[in-house]
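These are my notebook entries on one structure. I wrote down what I looked up, one topic at a time.

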Amino acid sequence: MSQPKEIFVKTDRCMGCRSCIIACAVAHSESKTLFGAVAQSPGPKNRVYVEWVAPDKKVPIVCRQCEDAPCMYACISGAISRNEKGIVVTDPDKCIGCWTCVMVCPYGVIGRNLETRKAYRCDRCPDRDIPACVSACPTGALVYDTVPAYSGAVRKQVSQALSKAEGE
Amino acid sequence: MAYNENILNKSIDPAVHQMLARAETLGLETVWDRYEKMLPECGFGELGVCCRNCNMGPCRISPFEDQGPQKGVCGATADIIVARNLIRMIAGGAAAHSDHGRDLAHTLLLTAQGKSGGYKIKDETKLMALAKEYGIDVNGRSKEDIALALAKNVYAEFGKQEGYVQFTRRAPDKRLAVWQKAGIDPRGIDREIVEIMHRTHIGVDNDPVNLILQGLKASIADGWGGSMIATEISDVLFGTPTPTRSTVNLGVIKADQVNIIVHGHEPVLSEMIMAASNDPDLVSRATAAGAAGINVTGMCCTGNELMMRHGIPIAGNFLQQELAVITGAVEAMIVDVQCIMPSLGDLCECFHTRFISTSPKAKFPGAVHMQFNEEKALEIAKSIVESAVDNFTNRNPAKVFIPDEKTDCMAGFSTEAILAALGGTLDPLLDAIKSGAVKGIAGVVGCNNPKIKHDHGHVALVRELVKNNVLVVTTGCNAIACAKAGLMVPEAANTAGDGLKGVCQSLGVPPVLHMGSCVDISRILTVCAAIANALDVDICDLPVAGAAPEWMSEKAVSIGAYVVSSGIFTVLGTVPPVLGSPLVTNILTHAANDVVGAAFAVETDPIKGAGLMIAHIEKKRQALGL
């Protein structure tokens with residue numbers, strides 16, 4: 001079984017430019033273009049967020065697609081399930097808008113669509129190879145990779161730093 | 001009353017606490033709410049590395065070398081982009097100050113031609129002095145004739161192509177030599193601003209050092225040009241300020257009167273509004289409407305202009321403009337140009353307040369536009385005041401909430417007034433500096449910025465300076481902050497170190513001297529030039545320092561640039577958008593010393609900022625052998 005990819009967040013790389021937010025909304029718009037998206041009414045919804053931690057930390061937050069997803073177990077109407085790609089999805093036909101998923105989500109990444117009156121969250125951009133937010137990030141603060149590859153890169157980095165420190 | 005921490009953290013001013021609680025109760029949004037919604041602010045913008053100067057972009061340079069673009073589409077590096085963006089800010093600031101100066105020159109011209117609707121030449125002494133400076137023959141000529149010649153000369157400074165701007169010649173010869181050596185002696189005011197726009201166009205100047213030098217050149221054309229013209233011509237038309245008593249803070253708004261707030265910058269408008277408010281017909285119209293009178297108060301720099309010359313009270317500084325409307329007792333918020341929040345339109349709609357714009361250059365959503373024109377100045381001012389008076393009956397008493405806070409202050413310290421307070425000569429001040437009773441002089445100026453607890457940056461820094469025997473001269477929103485904090489009364493000498501306290505007590509002046517509006521920083525330059533000449537040194541040799549603890553505007557960037565270009569070490573209390581370029585950062589904080597004998601420092605802690613200034617002053621004293 002191959003390793004699935006996840007969206008990892010390097011908080012020390014985030015500039016707070018919100019390019020990820022714009023790209024997310026565009027990717028979830030009808031036209032899939034920026035100019036079309038800003039003209040769309042009601043506007044498309046972003047599913048990634050950038051939070052501010054005083055004094056100068058900027059932290060992108062996106063659905064973790066938890067293996068043991070609290071939202072999936074908490075959903076009383078059985079609307080939330082994991083699809084064949086391993087993505088946690090809400091079936092809008094079954095969602096009754098009770099917001100239980102919102103209460104249990106440890107990351108606060110589930111939104112409420114006032115038009116459809118349904119819950120929405122990151123769907124990992126099913127039509128794209130790389131999620132829009134990751135493609136849009138100009139500093140590599142968002143990384144789309146497998147756990148072994150990501151951890152391997154971290155190990156590589158830390159070992160370089162260690163050997164450099166020892167050399168000094 | 002106890003307020004929650006969220007409110008207390010926003011300002012040191014109790015009047016602001018009260019009004020923020022009131023805004024919360026009424027569900028009204030203020031600048032602080034919008035700032036919080038803006039967070040996090042974009043790091044590329046904070047670092048100054050985004051460029052929108054052409055349509056191959058927008059480009060932005062990643063601050064991380066291993067990830068993301070290191071050059072714009074045209075090839076511009078972070079150094080180039082940061083330098084271009086910085087000097088475009090200077091262009092914006094220098095343009096704003098200088099256009100203000102131009103409006104004054106225009107008013108003088110119309111007045112001299114007998115075409116202005118209500119303005120007079122009030123200070124003939126200054127008119128004559130300026131005429132002499134411009135080499136205008138005054139013998140046997142009427143004051144109107146001389147004023148006409150002066151107005152034409154001053155007007156010409158803006159469009160001048162060659163030569164120099166006359167007031168730059170007020171700088172000590174040593175300073176002029178520095179400027180000429182660096183190639184930053186401005187040729188004309190508009191020309192240097194236009195040249196910034198040219199150089200920063202795609203594919204023109206791509207040398208960060210060369211770009212910054214042009215920025216300094218344009219800034220000198222502001223400080224020793226446009227701003228100085230604004231100050232001097234305002235003095236000719238409205239009188240050179242002399243020490244006067246007044247009051248400041250939102251408590252100056254009166255529950256039983258028609259309240260008119262003049263907000264913005266140019267005295268051309270506010271002077272006439274003040275004059276119109278004394279019109280007997282309008283006063284009786286106000287009385288007939290049930291008001292006890294017409295109360296004109298100021299906001300921001302136009303408030304400073306009126307306070308300096310007439311002792312008109314000031315309702316608050318930049319971050320208090322919305323709070324003034326929320327008192328529910330303001331019949332009209334009359335604005336001209338600069339630092340007027342467009343949010344006032346929506347806010348005024350929540351009350352009976354009429355938001356009246358007057359300048360063809362500055363229109364706002366939700367404002368009624370009553371265009372001002374110098375040729376019919378008093379007539380228009382009367383109709384504006386009448387509109388305010390007629391609005392009194394629309395006031396809803398249930399919505400009125402005026403804080404009690406107001407503080408006494410003494411303002412009006414023009415260069416001439418300081419000299420007069422010293423007995424007509426600089427000697428007592430020089431002696432005090434030489435003896436060490438006064439360690440040095442600090443010019444503390446600039447805006448408010450919600451990034452810093454309102455007035456805390458200003459007041460904490462100034463208190464620390466005063467405690468350490470540094471005489472503070474101030475303008476703009478810092479002046480208003482100091483006045484509110486009670487630092488602008490002679491009794492505030494008690495908060496000063498022993499040396500400064502003695503000097504202030506013997507002269508009967510406060511330890512913090514109000515020198516006017518933001519264009520009046522030119523007065524500080526004049527004082528520095530006079531002291532440098534008296535000691536036969538350059539300005540950069542003097543024990544003086546500058547600070548802008550809560551700066552936010554492009555005007556402040558231009559001010560910082562001309563203050564440093566004039567040889568004065570300057571501490572910024574908010575971080576300028578330049579850190580994306582280590583080269584530009586180094587030029588501003590170090591290398592500038594080699595070119596103009598001064599540099600910037602950035603320190604967001606006001607006490608530490610004051611410490612840097614005091615250390616600099618000590619260093620300069622030592623070098624002078626004091």
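**Entry 1: around B:Gln18**

I began with the neighbours of B:Gln18: leaving out residues up to four places away in sequence, B:Gln18 touches B:Tyr3, B:Phe401, B:Pro403, B:Asp404 and B:Glu405. Contact here means heavy atoms within 4.5 Å. I found B:Gln18 in helix 2 (residues 14–26) of chain B. Helices (H or I, at least four residues) and strands (E, at least two) are DSSP runs, numbered from the N terminus. The side chains of B:Gln18 and B:Glu405 are also joined by a polar contact of 2.8 Å. A polar contact is a pair of N or O atoms within 3.5 Å; within protein, one must be able to donate a hydrogen and the other to accept it, and residues adjacent in sequence count only if both atoms are side-chain atoms.

I noted the ground rules here: this is a predicted model, in which local features need pLDDT of at least 70, side-chain atom pairs count only at pLDDT 80 or more, and totals for chains, interfaces and linings use all residues. Residues are numbered from 1 along each chain as its sequence is written, chains are lettered from A and ligands numbered from 1 in the order in which they are written, and side-chain values use heavy atoms, with hydrogens and water left out.

**Entry 2: chain A**

I counted six helices and eight strands in chain A. Read from the N terminus, their order is β-α-α-β-β-α-β-β-α-β-β-α-β-α. The C-alpha atoms of chain A fill a box of roughly 60 × 40 × 35 Å along the principal axes. Chain A has 168 residues, of which 41% count as buried. Buried means under 20% relative accessible area, exposed over 50%, and partly exposed in between (1.4 Å probe, protein chains only).

**Entry 3: where chain B meets chain A**

How many residues does each chain bring to the contact? I found 18 residues from chain B and 15 residues from chain A. The two chains bury about 1,300 Å² between them, with 60% of it on carbon and sulfur atoms. Buried area is the accessible area (1.4 Å probe) that two parts lose on being put together, summed over both.

I looked for charged pairs next, and the count between chain B and chain A is one salt bridge. A salt bridge is a side-chain nitrogen of Lys or Arg within 4 Å of a carboxyl oxygen of Asp or Glu. A:Lys58 and B:Glu46 form it, with their closest N and O atoms 2.5 Å apart. Helix 3 (31–38) and helix 4 (43–47) of chain B each supply at least two residues of the side that touches chain A. Helix 4 gives the most to that side, with four residues.

**Entry 4: a strand pair in chain B**

Is strand 13 (residues 512–516) of chain B buried or exposed? Five of its five residues are buried, so strand 13 is largely enclosed by the rest of the structure. Strand 12 (residues 470–475) runs parallel to strand 13, and four bridges join them. Two strands pair if DSSP finds at least two bridges between them. In this pair I saw B:Val473 opposite B:Leu513.

**Entry 5: backbone angles**

Most residues other than glycine have a negative phi, and most peptide bonds are trans. I listed some exceptions. The peptide bond from A:Ala54 to A:Pro55 is cis, with omega near 0°, and A:Pro55 lies in the loop between strand 2 (49–53) and strand 3 (57–61) of chain A. The bond from B:Leu39 to B:Pro40 is cis as well, with omega near -5°. B:Pro40 sits in the loop between helix 3 and helix 4 of chain B.

B:Cys300 has a positive phi, near 60°, and lies in helix 13 (residues 300–310) of chain B. B:Cys300 is buried, at 2% relative accessible area.

**Entry 6: salt bridges**

B:Glu322 lies in helix 14 (residues 321–326) and B:Arg34 in helix 3 of chain B, so the pair ties together parts that are 288 residues apart in sequence. B:Glu322 is buried at 1% relative accessible area, whereas B:Arg34 is partly exposed at 26%.
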